[in-house]
Amino acid sequence: PYSVDITSLVKAGAKNRIAIRITNPDGQRGWNDAPATEWGSKYKLIPGHDFGALGNVSVTATGNCYIDDVFVKNLLPANGRNIELQIALKNKEFQNKNLKIEAEIIPYKGGSAIFKNSWDVVVAKDTLTHFNKQIQVPEAKLWDTENPNLYYCRVKIAGTGISDDYQVRFGFRVFEVKANAEGQHNFYLNGNRVRIRTSIDWGFYWQTGFYPTDEQARKNVENAKRIGHNCLSFHRRIGEPLVMKYADELGLMIYEEPGGMPGVDDLRASSWIADAPYDKASPAAFTMPEKFSRMVKRDRNHPSVVIWNLVNEQCTYDNLHKKIIDETWRADNSRFVVNQSGGQYG
């Protein structure tokens with residue numbers, strides 16, 4: 001996902017048209033996400049499918065001071081119902097702003113707020129300010145694969161001439177690995193040991209191709225649960241948000257890869273590419289961390305998502321992998337970040 005600021009191009013009070021062109025330079029028709037794609041004679045790009053489509057598009061209007069993002073991060077220990085609200089506030093004004101932040105947590109299917117509080121904050125001029133607050137919500141019901149309880153976190157800001165609100169859906173849950181009495185490490189969801197039973201979701205959808213219909217997305221999750229799975233693996237392609245929506249609602253864990261990393265690893269360039277922007281591998285090497293970070297920011301409020309994985313069966317660990325893991329850990333250290341899915345030693 002990406003966003004473009006079109007403020008300077010929009011004519012207020014008049015009809016405006018937004019035109020979007022999709023160009024598919026190359027890629028694979030099947031399951032593979034390698035090799036890197038040739039773009040003309042000068043560059044290589046991260047690989048993908050040789051067909052595409054446009055997903056969800058929204059046009060958002062804000063004031064010059066607004067809520068840019070909200071992340072509800074689950075904290076240890078299991079069953080503690082501890083979360084951290086991470087609120088990003090964008091101030092495009094050339095003066096500091098005094099704001100009041102109000103946050104409330106409301107059951108997804110309706111009901112009274114189980115948490116509500118407010119705080120005062122000063123947002124510096126012409127910058128992005130991060131406001132983090134750790135809270136405990138003892139009344140919250142936990143999310144798991146049998147009881148997928150969900151909540152909305154609604155955040156509002158107010159100040160002189162400023163008003164904005166932002167809402168995300170999330171669940172209270174802790175996913176971790178820990179050792180048992182014999183020293184064997186296992187997966188635990190909310191303190192209870194779980195065995196992950198999963199299969200691959202390749203990201204192909206009948207008739208529509210690149211994106212599922214609402215019915216197809218729900219069927220993906222229902223069929224996985226019907227055959228006894230408790231997880232789906234988005235494999236060699238970035239996950240589909242509509243599938244994750246139903247995984248949240250119906251109770252299914254998600255493992256997610258961005259897709260395209262094998263094509264970058266095969267270039268064997270990332271240890272020195274930072275000093276070689278002229279090299280044809282440079283666009284591929286630096287598009288991948290950006291793709292991964294956008295995936296994390298988009299999907300980190302889904303309680304179903306429990307594991308980020310960089311690449312399938314690619315025995316590589318270099319500066320590029322380290323950059324992705326470090327950036328992901330700073331953005332969301334409440335999930336596992338795995339360097340490769342296995343299949344190769346090293």
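Close-up 1. Asp 50 is partly exposed, with a relative accessible area of 26%, whereas Arg 29 is exposed at 59%; buried here means under 20% relative accessible area, exposed over 50%, and partly exposed in between, with a 1.4 Å probe and protein chains only. The model is predicted, so that local features need pLDDT of at least 70 and side-chain atom pairs count only at pLDDT 80 or more, while totals for chains, interfaces and linings use all residues. Residues are numbered from 1 along each chain as its sequence is written, and side-chain values use heavy atoms, with hydrogens and water left out. The closest N and O atoms of Arg 29 and Asp 50 are 2.8 Å apart, a salt bridge being a side-chain nitrogen of Lys or Arg within 4 Å of a carboxyl oxygen of Asp or Glu. Arg 29 lies in the segment before S1 and Asp 50 in the loop between strand S2 (43-45) and S3, so the pair ties together parts that are 21 residues apart in sequence; strands (E, at least two residues) and helices (H or I, at least four) are DSSP runs numbered from the N terminus.

**Close-up 2. The salt bridge between Glu 222 and Arg 218.** Within helix H1 (residues 214-226), these two residues lie four residues apart, about one turn of the helix, and their side chains meet at 2.7 Å, N to O. Glu 222 is partly exposed at 28%, and Arg 218 is partly exposed at 33%.

**Close-up 3. Glu 104 in strand S5.** Glu 104 is buried yet has no salt bridge, the nearest side chain of opposite charge being that of Lys 116, 4.1 Å away; Lys and Arg count as positive and Asp and Glu as negative, with His and the chain ends not counted. Leaving aside residues up to four places away in sequence, Glu 104 touches Ala 113, Phe 115, Lys 116, Tyr 152, Cys 153 and Arg 154, where contact means heavy atoms within 4.5 Å.

**Close-up 4. The largest nonpolar core.** Such a core is a set of buried Ala, Val, Leu, Ile, Met, Phe, Trp, Tyr and Cys residues joined through side-chain atoms within 4.5 Å. Of its 30 residues, Ile 83, Leu 89, Ile 101, Ile 105, Val 137 and Phe 172 touch the most other members. Strands that each supply at least two residues of this core include S3 (65-75), S4 (82-91) and S5 (97-107). A second, separate core of 28 residues includes Val 243, Ala 284, Met 288 and Leu 310.
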